[in-house]
Amino acid sequence: MKIATFNINGIKARLPRLVEWLEETQPDIVCLQELKSSDETIPAREIEAAGYGALYHGQKGFNGVAILARGAEPVEIQRGLAGEEEDEQSRYLEADIFGVRVASIYLPNGNPQPGPKFDYKLRWMARLRARAQALLAAEIPAVLAGDYNVIPHDDDVWDPRAMAADALIQPESRDAYFRILGDGWTDALRSRHPAGHVWTFWDYQAGGWQRDHGFRIDHLLLSPAMADRLIDARVDKAYRGREKASDHAPTWAQFR
């Protein structure tokens, strides 16, 4: 089983690249982020034609997450996180597929920091941790996959000094991420590439892709049962270099 996460940066704008990647790599489960589309305007027919059933939690122009399953229909469990009833941002979707609980996550960016956006990011991470703890307590085989907007280690970015003021690398962001890991989750990509220097994102600005000035913010966190079944985890880096690509590359883990 292959489970992937992909911040598509606009599902309508990147639809040819998404369908191309689905047909060429055929992941079993896909978590998408940053759809930038309402549920009514998502190109669901094209996704279905590529062989995937899907759940969408869209939002016009911003955010938005989805879960795709090859040859199957995901069974929705939850959309959104408890803890802030007034939070209307579409950033969390959870479903059962092929005996695995999967969540697609688009964690808040948090910039500029300090400020209300950074405070919201930290509150959101605390709410995510509470949900993750509940999944662990239920002993459900689970994968929490998505764009976490957290650079966990200095070797997860081309130059930590260049990002020093960014919300993605702040001690509070990292601490919240490591608290989730400390509860019993495994960072799939890190477990297979402990030396770091594996990027999942390259900015469109300042020649980020051409100069390989990237960083790692797309993560798949595995429950103990899934960590025991992990075979490999990698980034489909080449897809970032294609025409009109997302600024993220698909990231995936393979399981027995």
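Author: Let us begin with the open space, bearing in mind that this is a predicted model. The lining of the largest pocket comprises twelve nonpolar, 14 polar and nine charged residues, and the volume of this pocket is about 690 Å³. It is lined by 35 residues, of which N109, N111, N149, L168 and F201 are the closest to its centre.

Reader: Which residues line the largest cavity, and how do they divide by class?

Author: The lining consists of F6, R17, Y239, R240, A245, S246, H248, A249 and P250, which divide into five nonpolar, two polar and two charged residues.

Reader: Turning to annotation, which residues does UniProt list under "binding site"?

Author: An unreviewed UniProt entry lists N7, E34, D147, N149, D247 and H248 under that heading. Although these residues span 242 residues in sequence, no two of their C-alpha atoms lie more than 13.2 Å apart, and therefore they gather at one spot. Of the listed residues, H248 is included in the lining of the largest cavity.

Reader: Let us take E34 from that list: where is it found, and is it buried or exposed?

Author: E34 belongs to the loop that runs between strand 2 (29-33) and helix 2 (44-49). Burial is judged by relative accessibility, with the limit set at under 20%, so E34, at 14%, counts as buried. Leaving aside residues up to four places away in sequence, E34 touches N7, I8, N9, G10, I11, N63, G64 and Y106.

Reader: And what can be said of D247, where is it found, and which residues does it touch?

Author: D247 sits in the loop between strand 13 (230-235) and strand 14 (251-255), and its relative accessible area of 11% means that D247 is buried. With residues up to four places away in sequence not counted, D247 touches N9, T200, F201, W202, Y204 and R240.

Reader: Which residue's side chain is joined to that of D247 by a polar contact?

Author: The partner is N9, whose side chain is joined to that of D247 by a polar contact of 3.5 Å. N9 is also among the residues that E34 touches.

Conventions
Residues numbered from 1 in each chain as written. Predicted model: local features only at pLDDT ≥ 70, side-chain atom pairs only at ≥ 80, totals over all residues. Heavy atoms only, no water. UniProt positions renumbered as here; feature names shortened; annotations may be inferred. 1 Å grid on protein atoms, 1.4 Å probe; cavity = no way out; pocket = protein on both sides within 12 Å on 5 of 7 lines; lining within 4 Å. Helix = DSSP H or I, 4+ residues; strand = E, 2+ residues; numbered from the N terminus. Buried < 20%, exposed > 50% of the residue type's maximum accessible area, 1.4 Å probe, protein only. Contact = heavy atoms within 4.5 Å. Polar contact = N/O pair within 3.5 Å; in protein donor to acceptor, adjacent residues only side chain to side chain. Nonpolar A, V, L, I, M, F, W, Y, C, P; charged D, E, K, R; others polar. Points joined across faces, edges and corners; volume = space filled by probe spheres on them.
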